[in-house]
Amino acid sequence: MVMPAAPAARPESRAPAPTEPLLEPGDRLSRDEFERRYERMPHVKKAELIEGTVYMPSPVRAQRHAEPQCLLAAWLVVYASETPGVKCFDNSTVRLDLDNEPQPDLILMKLPAKVGQARISDDDYIEGAPELAVEIAGSSRAYDLHQKKGAYRRNAVREYVVWITGEERVIWWELREGEYQEIAVSVDGLLKSSAFPGLWLDSRALLGGDTKTVLAALRRGLDSPEHNAFVRT
């Protein structure tokens, strides 16, 4: 008598592994979770955590963002190149606090030799509040001038510059008694930093795309007694 073959053992059924979540605009995340998801999205060039909410800016326009950023980068790079103990960074992630990890268009920060507020971590991120943050915004309704500005103020980013390209305005704030106050134009028509002596800006020339005049004003700042004293300290 032929006995029926025993049924073959069937492997235990396994449910497919759930897809690991990625970043989506509007997500409410901790900073650690934000970083984990961001690292899994190498194709994404900019994402920010502001007050615990994820922001993912739209593609960058040429004349309304990229070119203005280049002009301001040139201004800051020249300053940093002639000021030991100061560095400029472009689009670097900043670990401000547990709810905020912005990626400013530009920052200028003092190194420990200049008793800076921020530092470079072992995994190459900026931690703490840089002395100066710079953003390019299309309008005054952008979150750069509201949620992000509040996060910068609360974390004591000493100065904040926003070029609002859609309104042809440059605003430079400095932190005074816990609030941002707009820096007034000096008698010689320039905006001047308190945190970085000699960092002078001809905002009218900047808005007109006159890089030569912008850098000439900066040169006067770099040759000033206050900048020379800052370099020596």
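Two residues are in contact when heavy atoms of theirs lie within 4.5 Å. Keep that in mind as you work through this predicted model.

**Exercise 1.** Find out which residues Ser-203 contacts, leaving aside its neighbours within four places in sequence.

*Solution.* Start by locating the residue: Ser-203 sits in helix α4, which covers residues 203-207. Now skip the neighbours within four places in sequence, and you're left with contacts to Val-170 and Leu-191. Finally, check the surface: Ser-203 has 15% relative accessibility, and buried means under 20%, so Ser-203 counts as buried.

**Exercise 2.** Decide whether Pro-104 is buried or exposed, and look at what surrounds it.

*Solution.* First, the place: Pro-104 belongs to the loop between β4 (94-95) and β5 (106-110). Next, the accessibility: the value is 2%, so Pro-104 is buried. Then list the contacts beyond four places in sequence; among them are Lys-46, Glu-48, Asn-91 and Tyr-152. Val-134 is also one of these contacts. Along the chain, Pro-104 and Val-134 are 30 residues apart, yet their C-alpha atoms are 6.4 Å apart in space.

**Exercise 3.** Work out which backbone nitrogens lie by the polar side-chain atom of Ser-193.

*Solution.* Go to the loop between β12 (191-192) and β13 (200-201), where you'll find Ser-193. Its relative accessible area is 9%, so Ser-193 is buried. Now look at the side chain of Ser-193: a polar atom there is 2.8 Å from the backbone nitrogen of Phe-196. For the backbone nitrogen of Ala-195, the distance to a polar atom of that side chain is 3.2 Å. Further along the sequence, not counting residues up to four places away, Ser-193 touches Glu-159, Trp-172 and Leu-199.

Technical notes:
Residues numbered from 1 in each chain as written. Predicted model: local features only at pLDDT ≥ 70, side-chain atom pairs only at ≥ 80, totals over all residues. Heavy atoms only, no water. Helix = DSSP H or I, 4+ residues; strand = E, 2+ residues; numbered from the N terminus. Buried < 20%, exposed > 50% of the residue type's maximum accessible area, 1.4 Å probe, protein only. Polar contact = N/O pair within 3.5 Å; in protein donor to acceptor, adjacent residues only side chain to side chain.
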